[in-house]
Amino acid sequence: MTGNIIARRYARALFSLGKKAGSEELKAFGKELDALAGVIKSTPELGKIFRNPIISIDEKKAVLASLLDKGQVSAIVRNFCNLLADKDRLSTIPEIQAFYNVLLDADQGVVRGELITAIKLPKAKCDKVKSQLEKQAGQKLFLSFSTDKSILGGVVLKVGDKVLDASLRAQLGILKENIKRGE
């Protein structure tokens, strides 16, 4: 819980710097954080190094410097990462990146969601559903599509913190409860 609060504060700080620098820099900072978090997530040893209290901050900074030198990272993000190293918070980069993306989406009026169906939908149907949902929401929508055979039929739509369960499994569950209650 504490790590989440810390990650949010650092993400807000970097986001604030990006807002002052301009729209392009704001997006660039997000891409740089995405790349850095991706490397940390894909290399578990790197996360262990950043979390290990036995490894000195200077050694962590050396690992970070070699990591940042491989990618093209702006001076602000480089300084931000060095600040994280000084405060021994490098292990929170993935959480910072996740919350930064939430802030960036909110700033750009973008909503992310997921549509789960029992079978894979054709591309044309996916595009049609996405455009209809964008029209209803009045916002740009990034919608990922996935399948789950356990829902039997229908759809489950997750947008933000809301879930619309119109699956056959949910309908059967409601019917079962009604029968139990004698309705």
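Helices (H or I, at least four residues) and strands (E, at least two) are DSSP runs, numbered from the N terminus. By that numbering, Thr 92 is found in the loop between helix H5 (75–86) and helix H6 (93–108). This is a predicted model, in which local features need pLDDT of at least 70 and side-chain atom pairs count only at pLDDT 80 or more, while totals for chains, interfaces and linings use all residues. Residues are numbered from 1 along each chain as its sequence is written, and side-chain values use heavy atoms, with hydrogens and water left out.

- A polar atom of the Thr 92 side chain lies 2.6 Å from the backbone oxygen of Arg 89.
- Asp 88 also has its place in the loop between H5 and H6, and its phi is near 55 degrees, a positive value in a residue other than glycine.
- Most residues other than glycine have a negative phi.
- With a relative accessible area of 35%, Asp 88 is partly exposed.

**Packing of H4 and H5**

- The axes of helix H4 (residues 57–70) and H5 come within 9 Å and cross at roughly 160 degrees; axes are lines fitted to C-alpha atoms, for helices over the stretch in contact, and angles run from 0 to 180 degrees between N-to-C directions.
- H4 and H5 are therefore roughly antiparallel to each other (angles under 35 degrees count as roughly parallel, over 145 as roughly antiparallel, 65 to 115 as roughly perpendicular and the rest as oblique).
- The crossing of H4 and H5 is right-handed; a crossing is right-handed if the near helix is turned clockwise from the far one by less than a right angle, and left-handed if anticlockwise.
- On the H4 side, Ile 57, Lys 61, Leu 64, Ala 65, Leu 68 and Asp 69 meet Arg 78, Cys 81, Asn 82, Ala 85 and Asp 86 of H5, where contact means heavy atoms within 4.5 Å.
- By class, this contact of H4 with H5 has six nonpolar, one polar and four charged residues; Ala, Val, Leu, Ile, Met, Phe, Trp, Tyr, Cys and Pro count as nonpolar, Asp, Glu, Lys and Arg as charged, and the others, Gly among them, as polar.

**Packing of H2 and H6**

- Helix H2 (residues 23–42) and H6 pack at an angle of about 150 degrees, and their axes are 9 Å apart.
- H2 and H6 are therefore roughly antiparallel to each other, and H2 passes H6 in a left-handed crossing.
- Residues making the contact include Leu 26, Phe 29, Gly 30, Leu 33 and Ile 40 of H2, and Ile 93, Pro 94, Ile 96, Tyr 100 and Leu 104 of H6.
- The residues of the contact of H2 with H6 divide into 11 nonpolar, four polar and four charged.

**Helix H8**

- Leu 175 lies in helix H8 (residues 168–181) and is partly exposed, with a relative accessible area of 47%.
- The C-alpha atoms of Leu 175 and Asp 105 are separated by 38 Å, and these residues are 70 residues apart along the chain.
- Asn 178 lies in helix H8 and is partly exposed, with a relative accessible area of 22%.
- The side chains of Asn 178 and Arg 181 make a polar contact (2.6 Å); a polar contact is a pair of N or O atoms within 3.5 Å, and within protein one must be able to donate a hydrogen and the other to accept it, with residues adjacent in sequence counting only if both atoms are side-chain atoms.

Technical notes
Buried < 20%, exposed > 50% of the residue type's maximum accessible area, 1.4 Å probe, protein only.
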